[in-house]
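Biologist: I would like to learn how to read a model of a protein chain. Please take me through it feature by feature.

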Amino acid sequence: MNYIADLHVHSPFSRATSRECSPTELFAWARIKGIQVVGSGDFTHPGWLQRLKEDLEPAEAGLFRLRNENITPPHPTQPATPEPVRFILTAEISCIYKRHGAVRKVHNLVYVPDFPSAERINARLTRIGNIHSDGRPILGLDSRELLEIILEEAPEGFLVPAHIWTPWFSLFGSKSGFDQIEDCFGDLTPQIFALETGLSSDPDMNRMISALDRFALISNSDCHSPSRLGREANLFSTDYNYFSLRDALKKNSRDVFLGTIEFFPEEGKYHLDGHRACGVRFEPNETRRAENRCPVCNKPLTVGVLHRVLELADRQEPLYSDTSPVFHSLVPLAEVLGEILRVGPSSKAVQRAYWLAIGHFGSEFGVLLRASKEDLARISPLLAEGIIRMREKRVMRQGGFDGEFGTIRLFDEDELGRLHDSFGPFLGEKPRRRQK
């Protein structure tokens, strides 16, 4: 079975997360996006684990279904879909500890196939620190020791280092990370078989580093509200169960792990270097010339993902095998529509257009990945042109930096004005002129 999986989300118990992140809302938005497997998020939090046990029931091996799937769709135009939505038990743990003379801050994802495994892990973690205060617990626990706990308490579980290039909290982060995976996980490194690349990098960047060749590269939304599901996701062709998904990552071959859905990495908020408070955005060579200092205030710059990748790269070009998974760089549909309509992605005009597109094509990925140019043009020739440009990576990019998201544009502003003069952007709806 071919399916899409978003394997990193959060619950309302995590900081800065929407209260709408309930199993029911995650289920509903998974259908809207076209996702068939979604992470539960935050099983380490006792309150959320109890909620999961109440709202979910076992389905296929290691997967769970919503007990009551007869829910009201978020919008009346959303079509009924026969595709199932399943949950996989997931958690993210923030490990802060000292190793090799430096403080390390590494986030790790944990996956398990059943509630008893989650409960055994939680029992061990409770003896180490407070798992009640945050859905993503902060523990003074070495990443290697966390992996050892997983192997002991949940032998069928696995650990994936999260968003591995993020400056502040990751395996390779410029502020607190390592230069080699072995430095982090030591003798247990062979137990790691997948890495989460994060929004600010893509497979092309990671495949510049030969030391990462053996690892599957996964991508997830890390969403803090249900509508953000699927910003990044994974494509599988396996039997529909936890164990086949896990084994596909271990195999890391295109016949079972088809690939990933990615942000354009420049849109990620840590792609470039910089200092947001002073509006300084630098490419790596500019940072080196500035000796890693902000030219405005002289404070240290936040060294971003591209800079760190180039520091560790030992290739001039990314290298793939004949069986390597592929990847698709996409822009969220609301952002595409916002550019076309010249309004913000959360505006009423975009919402009307979004639900119209979902009603025609069944899901967001139905629009972004599968709809033909001809079918898209029946809705809007301008939308069709934008989607094709996106799929072909003919976009204009301004990199994010120091916590500020970057910008991906499909049209030059003058060109967009000329196209608007030729035809309406969405079934004759008149666009607003952008204020100058």
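Modeller: What follows goes from the whole chain to single elements. This is a predicted model, in which local features need pLDDT of at least 70 and side-chain atom pairs count only at pLDDT 80 or more, while totals for chains, interfaces and linings use all residues. Residues are numbered from 1 along each chain as its sequence is written, and side-chain values use heavy atoms, with hydrogens and water left out.

Biologist: What radius of gyration would a compact globule of 436 residues have, and what does the protein chain have?

Modeller: The radius is taken over C-alpha atoms, and the globule rule is 2.2 Å times the number of residues to the power 0.38. For 436 residues a compact globule would come near 22 Å, and the protein chain has 22 Å, which agrees. Its C-alpha trace spans about 65 × 60 × 45 Å along the principal axes.

Biologist: How many helices and strands does the protein chain have?

Modeller: Helices (H or I, at least four residues) and strands (E, at least two) are DSSP runs, numbered from the N terminus. The protein chain has 15 helices and 17 strands.

Biologist: What percentage of the residues count as buried?

Modeller: Buried means under 20% relative accessible area, exposed over 50%, and partly exposed in between (1.4 Å probe, protein chains only). Here 57% of the 436 residues count as buried.

Biologist: Which residues of the largest nonpolar core touch the most other members?

Modeller: In soluble globular proteins, nonpolar side chains tend to be buried together. A nonpolar core is a set of buried Ala, Val, Leu, Ile, Met, Phe, Trp, Tyr and Cys residues joined through side-chain atoms within 4.5 Å. The largest one has 98 residues, and Phe43, Leu125, Leu171, Leu195, Leu229 and Leu333 touch the most other members. Helix H11 (residues 348-361) gives the most to this core, with seven residues. Another core, of 23 residues, lies apart from it and includes Leu7, Ile88, Leu109 and Phe158.

Biologist: Where is Val37, and what does Val37 touch?

Modeller: A contact means heavy atoms within 4.5 Å. Val37 sits in strand E2 (residues 37-39) and is buried, with a relative accessible area of 1%. Leaving out residues up to four places away in sequence, Val37 touches Tyr3, Ile4, Ala5, Asp6, Leu7, Leu63, Arg86, Ile88 and Tyr240. Arg86 is 49 residues from Val37 along the chain, yet their C-alpha atoms are separated by 4.8 Å.

Biologist: Which strands pair with E11?

Modeller: Two strands pair if DSSP finds at least two bridges between them. Strand E1 (residues 2-6) pairs with E11 in the antiparallel sense over four bridges, with Tyr3 opposite Phe236. Strand E12 (residues 257-263) also pairs with E11 in the antiparallel sense, over four bridges, and there Ala233 stands opposite Ile261. Four of the five residues of E11 (residues 233-237) are buried, so this strand is largely enclosed by the rest of the structure.

Biologist: Which residues of helix H4 are buried, and what do they pack against?

Modeller: In H4 (residues 143-153), the buried residues are Ser143, Arg144, Leu146, Leu147, Ile149, Ile150 and Glu153. They pack against strands E5 (86-99), E6 (102-112) and E8 (158-161), and against helices H3 (115-126) and H5 (181-185).

Biologist: Which residue caps the N-terminal end of H4?

Modeller: Asp142 does, with a side-chain oxygen 2.7 Å from the backbone nitrogen of Arg144. At the start of helix H7 (residues 242-251), a side-chain oxygen of Asn241 reaches to within 3.0 Å of the backbone nitrogen of Phe243.

Conventions. Polar contact = N/O pair within 3.5 Å; in protein donor to acceptor, adjacent residues only side chain to side chain.
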